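Please look at the sequence and the fold below before reading on.

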Amino acid sequence: MISLVVMSLASCSSAKQATVNNGEQEIEQLCHFLTNEEYFYANATAESTDMQMAKDKAVNSARAAIAASISTAVENFSKRYRNDVNNELNEKTEERLQILTKQTISGSTVVCDRIVRTVDGKYRSYISVGLSKNQITDAIERAIMEDEKLKLDYQQAQFDKVADAEITKADVQGQGTQSAQ
């Protein structure tokens with residue numbers, strides 16, 4: 001038993017030493033935000049001899065990265081919506097979802113902007129762009145409400161959810177009342 005403890009301690013300490021390499025230095029990233037429950041974030045870096053060009057390239061690159069993330073999220077939403085609510089989600093509506101969400105990207109804001117000058121005289125821009133997930137869900141809801149069939153299905157699904165919750169709550173309350181009598 002003691003030898004197992006000693007071996008495990010030795011292996012832990014050697015693992016810690018193995019992760020530290022000589023000559024390496026941890027770098028603190030400028031303008032680095034991670035997507036969370038409330039916001040999509042994208043980070044980008046660009047370099048140019050012109051400071052504004054470096055910034056513009058970084059902003060465009062970050063917005064392209066956010067667009068890719070949102071596109072994936074919308075595709076996943078479309079698949080799930082098609083499976084859970086409406087099997088007839090048509091291409092036109094899916095296209096409208098993509099267009100509306102891409103238009104929403106214009107509402108993204110630069111949340112961090114750092115520019116440094118490199119040793120060779122160029123400018124390097126670090127940019128983080130953020131976009132509220134609420135803006136995306138609002139755009140998706142607008143796209144659904146523009147399609148009459150989807151609007152009805154969506155309203156029916158919302159009704160079913162509320163009705164199920166109320167019926168379940170009433171059922172639980174009813175059981176409590178009966179047992180008290």
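What span should the 14 residues of α4 have at 1.5 Å a residue? The answer is 20 Å, and because the end C-alpha atoms of α4 are 20 Å apart, the two values agree. The expected span of a helix is 1.5 Å times one less than its number of residues.

This is a predicted model, in which local features need pLDDT of at least 70 and side-chain atom pairs count only at pLDDT 80 or more, while totals for chains, interfaces and linings use all residues. Residues are numbered from 1 along each chain as its sequence is written, and side-chain values use heavy atoms, with hydrogens and water left out.

**Overall organisation**

- The protein contains five helices and three strands, arranged along the sequence in the pattern α-β-α-α-β-β-α-α.
- Helices (H or I, at least four residues) and strands (E, at least two) are DSSP runs, numbered from the N terminus.
- The protein has 181 residues, of which 27% count as buried; buried means under 20% relative accessible area, exposed over 50%, and partly exposed in between (1.4 Å probe, protein chains only).
- Of the contacts between residues at least 6 apart in sequence, 65% join residues at least 24 apart, where contact means heavy atoms within 4.5 Å.

**The largest nonpolar core**

- In soluble globular proteins, nonpolar side chains tend to be buried together.
- The largest nonpolar core of this protein has 22 residues, and Ala62, Ile66, Ile70, Ile127, Leu131, Ile136 and Ile140 touch the most other members.
- At least two core residues come from each of β1 (39-48), α2 (51-84), α3 (91-104), β3 (123-132) and α4 (133-146), and α2 gives the largest share, with seven residues.
- A nonpolar core is a set of buried Ala, Val, Leu, Ile, Met, Phe, Trp, Tyr and Cys residues joined through side-chain atoms within 4.5 Å.
- Apart from neighbours within four places in sequence, Ala62 is in contact with Ala42, Asn43, Ala44, Ile127 and Val129.

- The buried residues of α4 are Ile136, Ala139, Ile140, Ala143 and Ile144.
- Viewed down the axis of α4, these buried residues fall within an arc of 135 degrees, so they line one face of the helix; the arc is that of the directions from the helix axis to the C-beta atoms.
- Ser132 caps the N-terminal end of α4, with a side-chain oxygen 3.1 Å from the backbone nitrogen of Asn134.
- In α3, the buried residues are Thr93, Arg96, Leu97, Gln98, Leu100, Thr101 and Thr104.

**Individual residues**

- Ser48 lies in strand β1 and counts as buried because its relative accessibility is 11%.
- The side chain of Ser48 reaches the backbone nitrogen of Asp50 at 3.1 Å.
- Asp56 belongs to helix α2 and counts as partly exposed because its relative accessibility is 35%.
- Cys31 is found in the loop between α1 (2-19) and β1, and is buried, with a relative accessible area of 6%.
- Cys31 has a positive phi of about 50 degrees although it is not a glycine.
- Most residues other than glycine have a negative phi.

Technical notes: A polar contact is a pair of N or O atoms within 3.5 Å; within protein, one must be able to donate a hydrogen and the other to accept it, and residues adjacent in sequence count only if both atoms are side-chain atoms.
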